[in-house]
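The sequence and structure are shown first.

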Amino acid sequence: MQVLNKPYPQNCLLTVMDRYSATVRNMEQVIMIPSLLRDVALEDPGHETPAGEAGIHDLYSYYTMLKSIRIDVDNGLLPRDKWKAKITRSDEEEDEEEDEEEGKRGEKLDLEAQFHLHFSSLHHILTHLTLKANEVIKKYQEITGLTM
């Protein structure tokens, strides 16, 4: 596993991003045959899938999702025009509904509050994804008998 060399504070977003990238790179190095992850559930069969992970059915889906997110974390977001091409019609409809609900509330969060909300959410999501990458590595090692 790669060691973090940057002197950021422990809860700094940059530290969390570096930790996530290092963990996913380690996952990519450990998992030599990703196809072994197909049709293998990460959780127990009776375990309920969290709402944000509803479309993920097997370890291979986690593996590809984690790699894709790492590329965005390492290289930044796609240019705005390319990103818009990826957005589906349903996403736009959901955004319009959310905008209407926000307008009805009558109160807008100030920029600082919005920043803290998104910042803490990003921190939480990256930490959660780092844990998922470690779980994928552990499960792969169990499948292949390479448990350390």
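Helix 5 covers residues 111-144, 34 residues in total, and reaches 49 Å from its first C-alpha to its last. That is close to the 50 Å expected at 1.5 Å a residue, the expected span being 1.5 Å times one less than the number of residues. Helices here are DSSP runs of H or I with at least four residues, numbered from the N terminus.

This is a predicted model, in which local features need pLDDT of at least 70 and side-chain atom pairs count only at pLDDT 80 or more, while totals for chains, interfaces and linings use all residues. Residues are numbered from 1 along each chain as its sequence is written, and side-chain values use heavy atoms, with hydrogens and water left out.

The buried residues of helix 5 include His123, Leu126, Leu129, Thr130 and Ala133, and the buried set packs against helix 1 (13-30) and helix 2 (59-75). Beyond its neighbours within four places in sequence, Thr130 is in contact (heavy atoms within 4.5 Å) with Arg19, Tyr20 and Thr23. Gly145 follows helix 5 and has a positive phi, near 80°.

Asp39, in the loop between helix 1 and helix 2, has a phi near 60°, a positive value in a residue other than glycine. Most residues other than glycine have a negative phi.

Accessibility is classed as buried under 20% relative accessible area, exposed over 50% and partly exposed in between (1.4 Å probe, protein chains only).

| Residue | Relative accessible area | Class |
|---|---|---|
| Thr130 | 7% | buried |
| Asp39 | 75% | exposed |

Key: Helices (H or I, at least four residues) and strands (E, at least two) are DSSP runs, numbered from the N terminus.
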